[in-house]
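Work through the exercises below with the sequence and the 3D view open. Try each task before reading its solution.

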Amino acid sequence: MNATATAPDLAELNGVKFALERMGGGKPMLVLHGGSGSVAKAPFMAKLAERHAIWAPTHPGFHGSPLPEHFDHIDDLAFLYLDLLDAHGLQDVTVMGFSFGGWIAAEMAVKTTARIGRVILVDAVGIKVSDRTTRDIVDIFALHPMEANKLVWHDQTRVPDFSKLSDAEFTAMAKNREGITVYGWEPYLHDPKLARRLHRIKAPTLVIWGENDRLVSADYGRKYASLIPGAKFVGIPQCGHLPQMEQTDAFLKHVTSFAG
Amino acid sequence: MQAWYFSEGAYHYLPEESSYNSIRVSLPNAIYDPVKGADLYHRYLDEWCYADEIGLNIMTNEHHQTATNLIPAVPLIAAILARETKKVRILILGNPLANRRQPVRVAEEMAMIDVISRGRLDVGFVRGVPFEVSAMNSNPMRMSQRLWEAYELIMKAWTTHDGPFSWEGQFFHHRQVNIWPRPYQQPHPPVWITVGSPPNAAQVARLKHNAATFLSGYNVTKLIFDGYRKGWREAGHPGSGSHKLAYAALVYVGDTDAEGEAGIQELKWYNDSNKVPPQFRNPPGYFPAEAAGNVLKGAFGGQVGVDGLGRTPPPKTVEGLIQQGFAFGGNPDTVFKQIKKFYDTVGGFGHLLIMGQAGHLDHERTVKGMKRFVDHVWPRLKDELNEFRQAAE
């Protein structure tokens with residue numbers, strides 16, 4: 001990892017520069033954020049860092065990590081993070097991905113689990129389940145941003161009021177939407193091949209889902225889990241698309257009992 | 001002559017605006033009556049043919065899934081006009097290249113229309129508007145890069161005459177490219193590109209293509225046109241380059257000022273009927289993140305700022321539209337003076353794109369406005385304003 005003069009806070013791997021937060025100690029855990037961007041500063045991350053050496057990259061193209069000209073496919077991220085594990089000689093890594101990050105985690109794990117000890121998918125996207133005229137994943141880009149924001153949460157009193165965000169925060173939000181779009185516009189947030197490759201995942205896998213997820217349903221999560229040999233599905237009640245935020249304690253309990 | 005009559009071919013028989021949340025993308029087509037639609041197509045074709053009769057060039061374009069424009073495939077309407085008209089030039093402005101999956105197909109379509117029209121085609125290339133990334137299922141990221149790669153592939157397809165070449169680019173792959181027919185005009189039809197910023201305009205100037213801007217008003221137009229002239233100068237091209245610049249405005253010429261302004265009142269349907277919610281106006285990556293963030297801020301109830309060029313939405317009143325250079329309307333002398341003032345303020349341009357029909361402006365008033373322009377305004381523009389003369393030559 002060589003820091004560069006122009007962007008001193010970015011990691012660099014094979015010419016690709018990206019933000020990489022490291023914290024805590026213990027067995028390594030790679031945490032892959034979802035469509036809303038980096039979660040490195042979220043309170044649940046501090047809890048995870050009490051037990052794990054956290055590696056939390058910001059995906060290239062999302063706010064904080066520039067988009068390389070040649071990046072346009074979910075595999076670009078999957079290979080980047082497999083390379084990251086290689087570059088640091090990490091072993092027995094728990095790879096945990098939220099939503100869009102769960103898709104990356106699954107794409108990594110179908111390629112090789114040589115350095116991956118466990119996989120945790122949290123309300124992950126990435127596979128196609130229903131017929132061709134039925135979306136599995138809500139087309140958030142066809143919804144008013146405020147409506148899409150409401151769908152993220154089960155408890156509507158938790159929906160954040162974004163009206164007072166700063167201009168810089170809105171720019172960051174726009175960058176994160178760009179990030180999802182680069183990799184997930186078409187096919188929409190899935191890889192048509194992935195479902196038939198999930199059998200290759202050799203590492204123990206936990207699939208965590210908000211039972212009331214309205215962006216991508218818990219039934220989709222059950223299907224996802226059923227395609228991964230030996231995977232365990234846990235549904236969290238009273239919970240939308242972000243268990244780590246909406247039901248943090250339950251989320252941490254499941255992660256801890258699975259990954260230590 | 002280089003004044004162009006333009007109509008969007010709108011379907012204006014719409015329900016009360018409050019009954020729908022978007023005129024684009026999601027408006028159910030049950031609202032569209034194909035019988036009325038047929039009458040409208042023929043009426044609009046008649047108007048373009050009338051332009052041919054009176055010597056006013058023709059401009060057409062395409063849009064998708066919208067009542068504002070019923071031409072989802074501009075080569076179709078242009079091909080009809082290539083056959084139906086005899087004299088004037090036909091400008092397509094333009095082919096939405098970032099939304100077209102096969103640039104070679106675009107090269108073929110344009111070559112065919114150019115041949116049928118015996119070399120009367122001007123070919124415009126545009127990126128495609130934000131609303132249409134859904135309609136075309138086009139990724140809104142990297143649209144400019146796709147536009148330019150498609151442009152390069154089309155230019156190569158038009159100008160390669162010794163058998164096939166292959167293309168394995170970042171966005172497009174094509175084997176055995178060898179188009180039949182090739183263009184009538186040599187080496188290729190005149191090329192136009194729409195521009196939205198000074199650097200963008202400079203890029204088009206370096207290539208010596210025509211650059212057009214739509215309803216951008218006095219200040220923004222001047223910035224963009226100056227950007228073009230700077231690019232033109234820095235590339236070492238002769239002259240100022242201004243004769244290559246085009247401006248599109250609502251234009252209506254009446255016998256009296258009141259009649260001209262009443263025409264603008266109808267034409268401004270083009271601006272006023274554009275009800276589109278933020279999710280369709282602002283797909284990720286279409287605008288720079290700062291500008292996109294600004295739209296998100298508005299969507300979440302925050303106070304929206306202006307963009308980097310100081311661009312503001314068109315005013316709602318006829319008076320405001322005329323004052324800010326979005327519309328030219330009045331009696332012939334008034335319209336001449338309005339255009340001349342705009343021309344002088346923005347540093348000159350060579351092509352006037354006349355948005356001459358919209359909304360409820362009926363056939364009779366549409367063609368009367370066109371005729372008055374040709375008889376009483378255009379001769380003075382051509383005689384008294386250099387760049388128009390140069391473009392006309």
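## Exercises on rings, helices and contacts

B:Arg380 lies over the face of B:Phe336, 3.9 Å from the ring centre. A charge sits over a ring if NZ of Lys or CZ of Arg is within 6 Å of the ring centre and within 35 degrees of the ring normal.

This is a predicted model, in which local features need pLDDT of at least 70 and side-chain atom pairs count only at pLDDT 80 or more, while totals for chains, interfaces and linings use all residues. Residues are numbered from 1 along each chain as its sequence is written, chains are lettered from A and ligands numbered from 1 in the order in which they are written, and side-chain values use heavy atoms, with hydrogens and water left out.

**Exercise 1.** Find the ring that has the charged end of B:Lys275 over it.

*Solution.* The ring belongs to B:Tyr20, and the charged end of B:Lys275 is 5.6 Å from its centre.

**Exercise 2.** State how many aromatic pairs the structure holds over all chains, then classify the pair A:Phe62 and A:Phe100.

*Solution.*
- Step 1: Rings of Phe, Tyr and Trp (its six-membered ring) pair if their centres lie within 6.5 Å; planes under 30 degrees apart count as stacked, over 60 as edge-to-face and the rest as tilted.
- Step 2: Over all chains there are 30 aromatic pairs.
- Step 3: The ring centres of A:Phe62 and A:Phe100 are 5.4 Å apart and the planes are at 40 degrees, so this pair is tilted.
- Step 4: A:Phe62 lies in the loop between strand S4 (52-57) and helix H2 (74-87) of chain A, and A:Phe100 in helix H3 (residues 100-111) of chain A, so the pair ties together parts that are 38 residues apart in sequence. Helices (H or I, at least four residues) and strands (E, at least two) are DSSP runs, numbered from the N terminus.
- Step 5: Buried means under 20% relative accessible area, exposed over 50%, and partly exposed in between (1.4 Å probe, protein chains only). A:Phe62 has a relative accessible area of 0% and is therefore buried; A:Phe100, with 2%, is also buried.

**Exercise 3.** Classify the aromatic pair A:Tyr220 and A:Tyr224, and say where its residues lie.

*Solution.*
- Step 1: The pair is edge-to-face, with 5.9 Å centre to centre and 85 degrees between the planes.
- Step 2: Both residues lie in helix H6 (residues 218-226) of chain A, four residues apart, which is about one turn of the helix.
- Step 3: A:Tyr220 and A:Tyr224 are both buried.

**Exercise 4.** Describe how H7(B) and H13(B) pack.

*Solution.*
- Step 1: Two packed helices are described by the angle between their axes and the distance between the axes. Axes are lines fitted to C-alpha atoms, for helices over the stretch in contact, and angles run from 0 to 180 degrees between N-to-C directions.
- Step 2: Helix H7 (residues 217-234) and helix H13 (residues 332-346) of chain B pack at about 50 degrees, with their axes 8 Å apart.
- Step 3: Angles under 35 degrees count as roughly parallel, over 145 as roughly antiparallel, 65 to 115 as roughly perpendicular and the rest as oblique. H7(B) and H13(B) are therefore oblique to each other.
- Step 4: Their crossing is right-handed. A crossing is left-handed if the near helix is turned anticlockwise from the far one by less than a right angle, and right-handed if clockwise.
- Step 5: Contact means heavy atoms within 4.5 Å. Among the residues that meet are B:Tyr218 and B:Phe225 in H7(B) and B:Phe342 in H13(B).
- Step 6: Ring pairs link B:Tyr218, B:Phe225 and B:Phe342 into a cluster that also includes B:Tyr247 and B:Phe328.

**Exercise 5.** Repeat the description for H2(B) and H3(B), then locate B:Glu109.

*Solution.*
- Step 1: The axes of helix H2 (residues 74-84) of chain B and H3(B) come within 8 Å and cross at roughly 15 degrees.
- Step 2: The two helices are therefore roughly parallel to each other, and H2(B) passes H3(B) in a left-handed crossing.
- Step 3: The contact involves residues including B:Pro75 of H2(B) and B:Glu109 of H3(B).
- Step 4: B:Glu109 is in helix H3 (residues 103-116) of chain B and counts as buried at 14% relative accessibility.
- Step 5: Not counting residues up to four places away in sequence, B:Glu109 touches B:Pro75 and B:Arg100.
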